[in-house]
There are 2 protein chains.
Amino acid sequence: MTERELRLKTAEIEKISHIDYFNIAISVDCVIFGYDDKELKVLLIKSDLEEFAGLFSLLGDLIRPDEDLETASYRILKERTGLDDVYLEQVQAFGSIKRHPSGRVITIAYYSLIDIKHHKMQLSHNELNWHPVNELKKLAFDHKLILDTCLLRLQQRVLETPIVFNLLPEKFSLRELQELYEAILGIGLDRRNFRKKISIKDWLIDIGEIENDVPHRPGKLYKLKPELKIKPARRKLQPGKS
Amino acid sequence: MTERELRLKTAEIEKISHIDYFNIAISVDCVIFGYDDKELKVLLIKSDLEEFAGLFSLLGDLIRPDEDLETASYRILKERTGLDDVYLEQVQAFGSIKRHPSGRVITIAYYSLIDIKHHKMQLSHNELNWHPVNELKKLAFDHKLILDTCLLRLQQRVLETPIVFNLLPEKFSLRELQELYEAILGIGLDRRNFRKKISIKDWLIDIGEIENDVPHRPGKLYKLKPELKIKPARRKLQPGKS
DNA sequence: TCAAAAGTGTTTTGTGTACACCCATGC
DNA sequence: GCATGGGTGTACACAAAACACTTTTGA
């Protein structure tokens with residue numbers, strides 16, 4: 001659909017036929033967050049559109065008429081990361097008229113949290129790569145806006161609900177956890193206060209093991225209490241305060 | 001589109017043609033909140049679908065190919081309430097396959113806040129009426145879920161940003177304001193603590209007038225500081241904590 | 001003079017923040 | 001033995017919650 005055709009429809013607004021209402025495509029875009037090397041990262045692919053030559057874009061696809069919004073998101077995640085059981089949350093829809101150069105495409109944005117170490121599969125196929133969130137300036141489409149909006153949502157959620165653990169391996173030390181929070185929130189945290197706050201939340205189990213391969217005193221390892229692992233199917237409305 | 005056609009497409013999933021992707025309609029649904037008689041209310045219309053005979057539904061419409069999501073929402077609000085300059089916020093999209101009996105319709109939910117007294121125009125045309133939010137049990141489509149989700153979002157926002165004033169007339173007393181908060185949050189509040197908290201936020205101006213027509217000692221009247229009135233066009237990302 | 005709500009402060013409790021020392025380990 | 005992070009507690013400031021009496025007005 002060209003810009004010209006779009007304008008034509010605008011002029012004909014009074015006699016819109018029912019079929020015209022279907023001249024809008026719907027996509028899902030996934031902000032796939034990962035955590036590695038003490039940085040929050042996002043999975044991006046090089047845009048194949050001429051208009052955005054050289055820019056990266058989020059992973060997305062048109063929604064098929066026979067799949068739910070979440071189904072479409074899980075499909076994309078599965079295709080791009082090989083992972084199945086991931087945290088996924090819808091953020092909102094983006095639907096500016098001119099957001100997509102090839103026509104009217106409304107997109108529904110999701111973010112998901114995955115353990116970057118579990119991935120490492122189809123990576124770097126067609127320029128699919130992890131990018132530090134902080135270093136991104138310009139993305140294709142309105143994807144920078146979508147990313148920023150999702151990051152903001154993540155920052156809000158992370159203080160209330162135990163979702164960050166989706167970004168970590170099964171076992172982790174308190175230092176790793178704190179560094180993750182610092183990466184997500186973009187601020188430094190006091191170690192003693194952080195540990196106090198986490199211990200009050202009662203999210204973790206001391207598994208009786210310690211780090212190895214660290215060039216200093218190893219820390220204890222913890223894991224998330226199993227009952228707090230968020231099964232994607234279970235989530236309904238927003239969870240309340242922890 | 002019948003259920004049978006849907007299943008057919010599912011079977012043909014491998015050879016989906018581009019045009020199939022457009023076989024999805026997109027609508028906007030508005031949860032229009034008002035406040036009257038010490039109750040939070042929502043504007044509903046009697047559903048004209050046989051499947052939902054006797055049930056009420058939110059106000060919505062299909063999105064036109066040439067209008068933004070917000071433009072569509074404002075159009076609905078204008079059509080149904082006659083009001084222009086209202087608070088409007090997108091919540092999220094709802095897209096279950098079977099949410100609409102006549103085909104695949106993905107809807108994007110907005111809530112808006114209006115002064116119920118300013119309205120009173122096209123009301124009760126075709127069974128368009130205000131309903132107390134607390135007394136609603138079943139709505140057409142998935143509109144109860146949408147309403148609940150929007151209410152939850154409103155409850156979260158109301159503590160952080162000065163949006164409740166969109167539900168009140170220009171001048172109001174602190175008692176009215178407190179009763180409004182109580183209606184939205186569904187809890188009782190301590191008067192002294194409430195007044196302290198509001199005064200700290202520094203949102204109000206004492207306009208030097210007092211209530212009249214009250215059968216008791218009249219309270220002072222206040223108005224929201226003009227610079228805090230949220231112009232719909234200005235809002236971008238989520239506002240931070242107050 | 002009575003009913004109804006306005007208006008107003010203090011105390012207690014909990015939460016967030018700032019901050020420093022000794023300990024265990026790897027090198 | 002030294003560098004590195006692990007592990008821990010206390011003091012202060014601020015915010016939230018509980019709580020009661022006097023004042024003003026209309027009826």
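In this predicted model, chain B carries an open, antiparallel sheet of three strands, ordered E8-E10-E9; strands here are DSSP runs of at least two residues (E), helices runs of at least four (H or I), numbered from the N terminus, and two strands pair if DSSP finds at least two bridges between them. E8 (172-173) and E9 (204-210) of chain B sit at the edges with a single partner strand each, so one side of each lacks a neighbour in the sheet. E8(B) and E10(B) (residues 220-224) run antiparallel and are joined by two bridges, with Ser173(B) opposite Leu221(B).

Over in chain A, helices H4 (residues 174-185) and H5 (residues 191-201) pack at about 100 degrees, axes 11 Å apart. Since 65 to 115 degrees counts as roughly perpendicular, that is the label for H4(A) and H5(A). The contact (heavy atoms within 4.5 Å) includes Leu177(A) and Tyr181(A) from H4(A) and Phe194(A) and Ile198(A) from H5(A).

Arg195(A) places one 3.0 Å from a phosphate oxygen, and Lys196(A) one 3.2 Å from a base oxygen. H5 of chain A and helix H5 (191-201) of chain B each give two or more residues to this surface.

Residues are numbered from 1 along each chain, and chains are lettered from A and ligands numbered from 1 as written. Local features need pLDDT of at least 70, side-chain atom pairs 80 or more, while totals for chains, interfaces and linings use all residues, and side-chain values use heavy atoms, without hydrogens and water.

How values were computed
Axes fitted to C-alpha atoms, helices over the stretch in contact; angles between N-to-C directions. Parallel < 35°, antiparallel > 145°, perpendicular 65-115°, else oblique. Polar contact = N/O pair within 3.5 Å; in protein donor to acceptor, adjacent residues only side chain to side chain.
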